[in-house]
Amino acid sequence: MLRNLFPAVMLVSANCGNTVLNLREGTMHITLCKSAIAVWIAFAFIISSPATASEKGSKHKPGHKDEQESEHAAPDIQLSPQTQACIACHSKVTPGIVSDWLSSRHAKITPEDALKKPSLERRISTASPPENMRGFAVGCFECHSLNPDKHQDNFQHMGYSINVVVSPNDCNACHPTEVQQYSGSKKANAYKNIMMNPVYHTLVNTIDGMKKIEDGKVVLQDASYSTLHETCLGCHGTKVEVKGMKKIFTGSAWGEISVPDLTNWPSQGVGRENPDGSIGACTACHPRHSFSIEVARKPYTCAQCHLDPDVPAFNVYKESKHGGIYDSNENKWNFSNVPWVIGKDIKSPTCATCHNSLLVSPEGNVIAERTHDFGSRLWVRIFGLIYSHPQPKSGDTTIIKNKDGLPLPTTFGGELAADFLIDKAEQDNRFDKMRNVCKGCHSTDWVNGHFKKFDNTIKETDEMTASATKLMAEAWDKGIEDKTNPFDEQIEKLWIKQWLFYCNSIRYASAMTGAPDYAAFKNGWWELSDNLQKMRDMIDLKELTKEKRIKLKMDK
Amino acid sequence: MLRNLFPAVMLVSANCGNTVLNLREGTMHITLCKSAIAVWIAFAFIISSPATASEKGSKHKPGHKDEQESEHAAPDIQLSPQTQACIACHSKVTPGIVSDWLSSRHAKITPEDALKKPSLERRISTASPPENMRGFAVGCFECHSLNPDKHQDNFQHMGYSINVVVSPNDCNACHPTEVQQYSGSKKANAYKNIMMNPVYHTLVNTIDGMKKIEDGKVVLQDASYSTLHETCLGCHGTKVEVKGMKKIFTGSAWGEISVPDLTNWPSQGVGRENPDGSIGACTACHPRHSFSIEVARKPYTCAQCHLDPDVPAFNVYKESKHGGIYDSNENKWNFSNVPWVIGKDIKSPTCATCHNSLLVSPEGNVIAERTHDFGSRLWVRIFGLIYSHPQPKSGDTTIIKNKDGLPLPTTFGGELAADFLIDKAEQDNRFDKMRNVCKGCHSTDWVNGHFKKFDNTIKETDEMTASATKLMAEAWDKGIEDKTNPFDEQIEKLWIKQWLFYCNSIRYASAMTGAPDYAAFKNGWWELSDNLQKMRDMIDLKELTKEKRIKLKMDK
Amino acid sequence: MLRNLFPAVMLVSANCGNTVLNLREGTMHITLCKSAIAVWIAFAFIISSPATASEKGSKHKPGHKDEQESEHAAPDIQLSPQTQACIACHSKVTPGIVSDWLSSRHAKITPEDALKKPSLERRISTASPPENMRGFAVGCFECHSLNPDKHQDNFQHMGYSINVVVSPNDCNACHPTEVQQYSGSKKANAYKNIMMNPVYHTLVNTIDGMKKIEDGKVVLQDASYSTLHETCLGCHGTKVEVKGMKKIFTGSAWGEISVPDLTNWPSQGVGRENPDGSIGACTACHPRHSFSIEVARKPYTCAQCHLDPDVPAFNVYKESKHGGIYDSNENKWNFSNVPWVIGKDIKSPTCATCHNSLLVSPEGNVIAERTHDFGSRLWVRIFGLIYSHPQPKSGDTTIIKNKDGLPLPTTFGGELAADFLIDKAEQDNRFDKMRNVCKGCHSTDWVNGHFKKFDNTIKETDEMTASATKLMAEAWDKGIEDKTNPFDEQIEKLWIKQWLFYCNSIRYASAMTGAPDYAAFKNGWWELSDNLQKMRDMIDLKELTKEKRIKLKMDK
């Protein structure tokens, strides 16, 4: 499919503001400003299409289709002169990036033409994209040059003013609805929610912190940011700031160049804090630089974070009927069509189908509206911390306070922090949205039967968490383990596994009507039951060593 | 591939028994009987094919190929008037179901034409399908209206007498050989085998039952049927009965309708007990409503139940050479051809290849006959309960009695309940069947070498189970754990893991000549060995708390 | 794609040295020498191409493309008369093997034509293939007849002198560069490295050995070779020797035949010791008999051994951004093109991309040279035994001696056996090679940021191993466990898990910039931290039973 992308090689020279693309000779002249030397580089990318030079930009015609598209013809597309200059070098320096972009929809349509699409087919949500971008393909410069005043990471690069990080606030230029929905979601707040909530931060620090052995004891140190970056913040996102400028040796013809010195970079977690003050990373799901809707709609994207043992959405999906039918047929289906037609484009849902895509019936009736607030079709939060609970009202969950004064959606006894959670009416509203998706392929009674089981599972698993919490309380009360840090001793870890690993797993399996084996043996009821016995036995056993330790102290 | 399925929209109105499909005007008139109002609905499905109205049925021509088929032309196909009426509404109410069916073989060929196929290519096993179905595509009504007298779940629906559940006994109309083979298998008896065998039922109940903490003790309650449904019975099947009728709100134009009130529904486990008294669910592997042979032949279908930790067939396959070659090439192969040609259609086996498909050589010689009794090519049952043993004679394993009087294929000491298991001659017969499949691609010596290793592995893993059983006996004898329920305490759970998780895993890895890493570290010898040490140490440790508890009692 | 492979059936008879392929009559006459009877068999394979008979060989024209190839035309290819004889029978006896070979590149090009390819496109690395093979397709006889003097497994088979096992030394005839690189690698030495190193061999034996219960004690027996074959040696390879000749019953028309009696066969581990004295098995990655570069480049091949819990490369890849993009797009990419064009053929790397393939930019510039020494782009060995360390100089690691005299790359305290490990200059050299691959798609600063995290992770995980080792030392010092065999007791197994499972997992996740969830919860920091607590508690608990056991002894 991509084989015709680079059929020839073309000589290009760069000249600031003075681009000459001579198709007859097969050459394009660009002189790079700062370098003051004319650089002739092999320019293999634009070449596959008939293109003509212009003062404002050169045209390229997409010669391939990376995404399955419904349009039968694509017009010639203008590249801005700045983007041409970017490509002239980067096709040599980082060819993979340029190639990725060439396969993207951004390379195939201008905002102006995107606006001409019928409403349901439109992927752009602004009515007024920036005037100077409207007629060009959405290229390197179009995205990496927006809002320079806000970007700490803006710097002068080969004569252009460039931001290293493209943030949701930049994407907002063309996709304001998506950015607005996303910004209010738990995903966008994922960094804050884990780092600014003292309870969760203690959990994170206890897991990821180095442990030294001192006098035979396991002594916890604070976790390094680097390790947090590769574990929790790999999904939640890091805080990216600019410490100043630094010189790096590129190893290419460019030698040493100056770039902003970013903290905690590279970073693509969903709640990344960006150097322009915005939160979120669109590339978490629409990866760089293809921005593919196909990739985002396939389950592998969500699978990068929604995995066992704590959030086993993908594991459960793989073992479900939905997942089995997907795996058997995915290569026959269309993951790029907008709107997404149930029964035509796909015959079994992926994560995106149920949680956020715009869905229509084959007749064109809207089954579900597009949303980038991924909780907006969810009425209950089955990711129990420590019990399941109604979805929080705000994506910023650090504002929650339960009756015990802790920033948690329930008390350890299970009482809801109801003021911070959605009410019954909103739960019903969201439940109906989800049920409507199910009913595209299942009868009403089938769907109702499914959710009846789900309700029972939520209730039973919460009770199994309560049983573990009772045993935990006994261990704390007897002084067998110390509740100062409730996450660092062995019985405490069994207790965490009860709600974070096993109850969650069973609820995910139930919600997605799949993975009976997973819910039974793998990370489900088997473990849930075994775990209570382990807690019971461990309390009894550690009580013996506690007495021995007290005796040893008295002996001294 | 599916993009041309719904090229236009057509207006349809329904009139009971009076269907008029006017192609010139692009309309089809049907009036729905009960509703007494003419309903015009967009009817997007049949439209893609040139169709003509008739009193008996309308024709549709399959405009796509969901399955890779060898035929080059498909005749116009008649839909029965009843099926037309179903589709008229359900294309709007549950479009995914209609779309799924349209992609099925059932929508593309009549039983009459199916009978004209050469014997090896035929997928229908009756010589005499019901007279009134012969000339129509096998549509909604054809399957959902059979044997109404037997169906507790038969009800009047929009003027038609409909069964909610289509059972194997209904499929029997066209596929009697498959139904007969399947009915005698362990799969068809899977519900009974787990729910009516008191030993297994105790295990199931112990795992899935709620546990409360009372006076610091873990107290087991009976498992809810709902939780059994989502765990063990998700694979084994549920008992589906009719409690009466109930009204449900569809949310569609139809508002409230009356439907049978089914217990434990939806349900697609292999041993489902159906409201017509039959057992089994063909949709467990040929999922609704595409009935796809391709899906059934791909390993993802079997993977829904045959997973780690207890039956890790799919896990092992994924790590095997067979699985790796499959994963690398599956999109080049043909999973729909009948008969299935080794070396031509596929170059590495899937589960179905070895266990049940009709296989021929490129020259057309039969390598293996089709079977829907999935044990019929198996001589030994490596799913040890608690030791491996010859396959049981009957799919109903509740009839087995071992020397200790328990309904198990061996005693805890390993002695076979030989009267209920196949004999040496039948073992040899089945072994040859399987070996013949292997020899399609491997030399005789290669195959023999493989099975020699396998025999040794069976022997060694059974001995490792015996070692664990000895330690278990010690714990029971010393009163450290209580054998009344042999499945509910911690050392007992280690013992279960020995045979149910680890020995089984190693045997699956051996049988499929794959997954050396799995058999070594993941769920294999590492765990098998570690587990014996854990049992040993736990016996010694719990002996201490036992003494302490006795002392505490005496002190009182 | 394969559907046109067997369009017809052709009658063939075999006559030793006297092959007559009559296309007009559609027959080919070959008489098999030994059998002395003319055998007419359906010969379905060569038939799909226009072929003409010749004394030297018959031509077949590849009628399909199993691998995506860039050439637009393929010439008619000669089969040697010996290979024709092989195919004549084996197309009937083991049709899958013949079919596999027909899909291979070996069946499509002669060494002579391969030599005409431009240097970068060439897959053959000799300039002078054996004279008698140059003009024929590389068929059965070409590979199975080489170097008969060296092959213990050479035998007379149907009139031909045949080797059962094709070894790297045979592949050397056309691929000497690859064989030479591979022979020096750790992979080729994998059998020796695990079986001849007493430390590792003790570990292997302890895991895989049978355990009996004697007087309530767990007693270890030596592991059987058969079990080693299915576990460790499944990846590392077995020692294949010839015990003599034996008769086997083929079950085909051939009845009983005599073949070499091979030990430990079948076997495809990377470090197999072959009956010609050579080491290695090319089929470990280029499986039989398609020798596919596509299969070798896809990650499923590496996944057969590089799996959790000890070497979770594939698990990490699946959860990484690279893996997610691969999974979403693999069917659009070209895995057969040589050289492999970054950004054109693939847009996300697989294992082979980073570790061994010849890579070029779209402009044709070489980004990385091909290597079959899989460590040659690696500067650090993150598979900690027990700490991470610079790559060993030699693929034969049995020659290493650390300061404690053990054949390990570090001491238990972490000191390097520096004489046997590559130095800083070589580390830098290899680091640059790998970094160059990254920079095909990522900016220099991005890549540097990634490896900065990686360096920290190596440091922290090594410290976490050191913490576990301190606790282990305490247990040994106190006599709670016995260090004679450092791998067979429960606390020792926790210690092994620390470095072999958890530290390794975190380092793999870090190296591949993926799997944050895996590194956090699944097999990473969660386990690493929990494990230290388990060791601590287990030491305290087992100390109690130790005292009790001593007391019991004194009481006696």
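**Notebook: chains B and C**

I looked up Asn264(C) and found it partly exposed, with a relative accessible area of 22%. The model I am reading is predicted.

**Entry 1: backbone of chain C**

I stayed with Asn264(C) and read its backbone angle. Asn264(C) has a positive phi of about 55°, although it is not a glycine. I then traced where Asn264(C) sits: in the loop between strand E12 (256–262) and helix H11 (293–297) of chain C.

Which other residue did I note in the loop between E12 and H11 of chain C? I noted Phe291(C), which is found in that loop. Phe291(C) is not a glycine either, yet its phi is positive, at about 50°.

**Entry 2: cis peptide bonds in chain B**

Next I turned to chain B and checked omega. I found a cis peptide bond joining Arg288(B) and His289(B), with omega at about -15°. His289(B) has its place in the loop between strand E12 (256–262) and helix H11 (293–297) of chain B.

I also looked at the bond from Val338(B) to Pro339(B). That peptide bond is cis, and its omega is near -5°. I located Pro339(B) in the loop between helix H14 (321–329) and strand E13 (340–341) of chain B.

**Entry 3: where chain C meets chain B**

How many residues of chain C are in contact with chain B? I read off 79 residues of chain C, in contact with 63 residues of chain B.

I wanted the area as well, because the size of an interface is often given as the accessible area lost when the parts come together. Between chain C and chain B the buried area is about 6500 Å². Carbon and sulfur atoms give 57% of that area.

I then went through the charged pairs. The count between chain C and chain B is 6 salt bridges. One I looked up by name is the salt bridge of Asp445(B) with Lys246(C), where the closest N and O atoms are 2.7 Å apart.

Which element gives the largest share of the side of chain C that touches chain B? I found that helix H20 (residues 525–555) of chain C does, with 7 residues. Last, I sorted the residues on that side of chain C by kind: 35 are nonpolar, 22 are polar and 22 are charged.

Terms used:
Residues are numbered from 1 along each chain as its sequence is written. Chains are lettered from A and ligands numbered from 1 in the order in which they are written. This is a predicted model: local features need pLDDT of at least 70, side-chain atom pairs count only at pLDDT 80 or more; totals for chains, interfaces and linings use all residues. Side-chain values use heavy atoms; hydrogens and water are left out. Contact means heavy atoms within 4.5 Å. Buried area is the accessible area (1.4 Å probe) that two parts lose on being put together, summed over both. A salt bridge is a side-chain nitrogen of Lys or Arg within 4 Å of a carboxyl oxygen of Asp or Glu. Helices (H or I, at least four residues) and strands (E, at least two) are DSSP runs, numbered from the N terminus. Ala, Val, Leu, Ile, Met, Phe, Trp, Tyr, Cys and Pro count as nonpolar, Asp, Glu, Lys and Arg as charged, and the others, Gly among them, as polar. Buried means under 20% relative accessible area, exposed over 50%, partly exposed in between (1.4 Å probe, protein chains only).
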